[in-house]
Structure formats: C-alpha cells, structure tokens
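Student: Could you walk me through this one? I'd like to start with the contacts and then move on to the core.

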Amino acid sequence: MAATIELLEHERIDELERNGYRIIQNEKKFCFGMDAVLLSGFTVVREGERVLDLGTGTGILPILLEAKTKGEHFFGLEIQEEMAKMARRSVALNELEEKISIVTGDLKEASKIFGKASFDVVTSNPPYMNQNHGLKNPDEPKAIARHEILCTFEDVAEAAAAVLKPGGRFYLVHRPQRLLELFETLRAHKLEPKRMKLVHPYVTSEANMVLLEAFRGGRPQMRVEKPVVVYERPGVYTKEIYEIYGY
C-alpha cells in the first residue's frame with residue numbers, strides 16, 4: 001500500500017508511468033521537464049552500481065533511474081532545503097527510502113559529503129544559462145534551477161570528477177550552443193566525452209538539447225548516436241519518446 005503524504009500549498013502529485021511511481025511537484029517553484037526524462041533514458045546504470053545525481057531538484061532522476069535500472073543505491077544532492085524536503089517526501093510517497101537518499105548540500109562540497117571516488121555513475125541536469133542570459137529574480141527556485149547562480153558548469157564537472165571512481169561515468173543534459181565549452185571543461189577535469197545524442201523538437205528543427213556521457217580517465221574517442229526527435233507533429237510524441245516515458 002502506497003504511503004500517504006500531506007501536500008503543501010501549490011503542490012500536486014504527478015504519475016510517472018513507471019512502476020506506479022509518483023512525484024510531488026510545486027508549480028510555483030520548479031517542475032521537472034522532458035530533459036530530465038530524456039537523461040534518465042540515456043543514462044546507463046548497471047546492477048549493483050552506486051549513483052549520485054548532482055542538483056537533484058524534485059528527485060526525478062533518482063526515482064526514474066531506480067525504476068528503470070538495477071543500481072544498488074541512488075543519492076540526490078540538492079542545495080535548496082525546501083526542494084530537498086519535497087524530494088524526500090516523494091521518495092517516501094513511493095516507499096523507496098531503502099533505495100534512494102536525498103541529501104541537502106552544495107555540490108561543490110560533494111567529495112567532502114560522500115568521499116572521493118565513491119560512485120560508479122554521476123548524473124546532472126545543470127543550469128543551462130550563464131551570465132550572458134537575462135535574469136529576473138536570482139532568489140527564485142526556478143531561476144536557481146535554470147541559471148548558473150549557485151554553481152557553474154565547471155563546478156558540476158569538478159564535483160563529478162571528484163566523486164567518480166576511475167572509469168566511472170558522468171551523464172548530463174545541456175544546450176548544444178555550449179557544446180564547445182562543455183567538451184573543454186569536461187576534458188580539463190579528466191572526464192572524456194564518449195557518447196553524444198542530440199535532441200530535436202521536430203525532424204526539421206535545430207537541436208535544442210544534447211545528452212552526453214563522459215568517462216573519468218577515458219581515452220579520446222566519441223560516438224555520436226542517432227538523434228532523438230521529440231514530436232511527430234504538434235502535441236504528438238514520436239514512438240521513441242513514448243517508450244522513454246513508459247507509455
């Protein structure tokens with residue numbers, strides 16, 4: 001029997017279409033998007049592996065990865081206490097406390113919190129927008145999730161490199177416009193890009209997301225996979241998107 005969780009103001013419970021799992025979201029704060037779902041489909045977690053999601057927000061990635069893989073334990077690190085508490089309540093809602101741990105903390109302190117070289121897999125859906133993008137209110141959770149206010153991509157890469165075991169894998173979703181910077185930053189921290197997949201809204205559209213896999217200490221060689229197309233036509237997902245969502 002699923003746990004009963006009291007909802008706070010502006011909160012709702014959404015179905016995840018995986019294992020009967022659900023998630024609490026607050027439309028006034030931040031709701032996960034397709035980028036997180038696509039990242040969960042791109043990430044490879046093998047049986048018995050330990051996984052850390054940097055900047056976990058609602059906790060969507062640990063919950064989806066627990067549903068989709070046979071990883072041993074999933075951790076989410078979140079700097080905003082209010083978001084971390086909501087993510088913990090989603091974990092409790094699905095009775096996953098033995099498999100998922102949500103920790104409040106700054107990802108820049110990840111290696112101190114968890115220990116160096118302590119994870120097989122690290123994931124992140126980091127803020128896409130840097131100082132070149134307009135910013136209205138830097139204190140809002142939505143702004144913190146989307147803009148590099150509390151951390152830069154270099155902070156994320158440095159944290160991932162520190163907590164990954166040699167040969168461990170880092171998975172992220174970002175914007176194609178920053179690909180050159182992403183590659184340079186990853187390699188500066190000895191995270192070698194090994195696999196890339198571009199995401200296009202329509203088959204005729206430019207890519208608006210990129211999924212990357214990097215190995216800690218890997219050799220230079222990268223595979224560019226077949227791109228993902230999100231919509232067949234307005235309002236209708238492609239078959240691949242339906243499969244990733246689990247419909």
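Predicted model: local features only at pLDDT ≥ 70, side-chain atom pairs only at ≥ 80, totals over all residues.

Student: OK, which side chain does Glu11 join through a polar contact?

Tutor: The side chain of Glu11 is joined to that of Arg89 by a polar contact of 2.6 Å. A polar atom of the Glu11 side chain also lies 2.8 Å from the backbone nitrogen of Leu8.

Student: And is Glu11 buried or exposed?

Tutor: Glu11 counts as buried because its relative accessibility is 13%; buried means under 20% relative accessible area, exposed over 50%, and partly exposed in between, with a 1.4 Å probe and protein chains only. Glu11 lies in strand 1 (residues 11-15), where helices (H or I, at least four residues) and strands (E, at least two) are DSSP runs numbered from the N terminus. Leaving aside neighbours within four places in sequence, Glu11 is in contact (heavy atoms within 4.5 Å) with Glu6, Ile24, Gln25, Asn26, Met86 and Arg89.

Student: Switching to charges, how many salt bridges does the structure hold?

Tutor: There are 15 salt bridges in the structure, each being a side-chain nitrogen of Lys or Arg within 4 Å of a carboxyl oxygen of Asp or Glu. One of them joins Glu213 and Arg195, whose closest N and O atoms are 3.4 Å apart. Glu213 lies in strand 9 (residues 209-216) and Arg195 in strand 8 (residues 191-200), so this pair ties together parts that are 18 residues apart in sequence.

Student: What else does Arg195 meet in a salt bridge?

Tutor: Arg195 also meets Glu225, with an N to O distance of 3.0 Å. Glu225 sits in the loop between strand 10 (223-224) and strand 11 (228-229) while Arg195 is in strand 8, so here the parts tied together are 30 residues apart in sequence. Through shared partners, salt bridges join Arg195, Lys197, Glu213, Arg223 and Glu225 into one network.

Student: Why does Arg195 count as buried?

Tutor: Arg195 counts as buried because its relative accessibility is 8%. Arg195 also lies over the face of Phe42, at 3.9 Å from the ring centre; the rule for a charge over a ring is that NZ of Lys or CZ of Arg is within 6 Å of the ring centre and within 35 degrees of the ring normal.

Student: What about the pair Glu192 and Arg187?

Tutor: Their side chains meet in a salt bridge at 3.2 Å, N to O. Glu192 counts as buried at 11% relative accessibility, whereas Arg187, at 46%, counts as partly exposed.

Student: Now rings: how many aromatic pairs are there?

Tutor: The count comes to 7 aromatic pairs, taking rings of Phe, Tyr and Trp (its six-membered ring) whose centres lie within 6.5 Å, with planes under 30 degrees apart counted as stacked, over 60 as edge-to-face and the rest as tilted. The rings of Phe114 and Phe119 have centres 5.4 Å apart and planes at 80°, so that pair is edge-to-face. Both of these residues are buried, and the charged end of Arg50 sits over the ring of Phe119, 4.7 Å from its centre. Elsewhere, ring pairs link Tyr202, Tyr231, Tyr237 and Tyr242 into a cluster.

Student: Last topic, which residues have the most contacts inside the largest nonpolar core?

Tutor: Those are Leu16, Leu38 and Ile241, in a core of 37 residues; a nonpolar core is a set of buried Ala, Val, Leu, Ile, Met, Phe, Trp, Tyr and Cys residues joined through side-chain atoms within 4.5 Å. Elements that each supply at least two residues of this core include helix 1, strand 9 and helix 8. Leu38, with neighbours within four places in sequence left aside, is in contact with Val199, Met209, Leu211, Val228, Ile241 and Ile244. A second, separate core of 28 residues includes Leu77, Ala159, Leu186 and Leu212.

Student: How many residues of helix 1 are buried?

Tutor: In helix 1 (residues 34-42), 8 of the 9 residues are buried, among them Leu38 and Phe42.

Definitions and conventions: Residues numbered from 1 in each chain as written. Heavy atoms only, no water. Polar contact = N/O pair within 3.5 Å; in protein donor to acceptor, adjacent residues only side chain to side chain.
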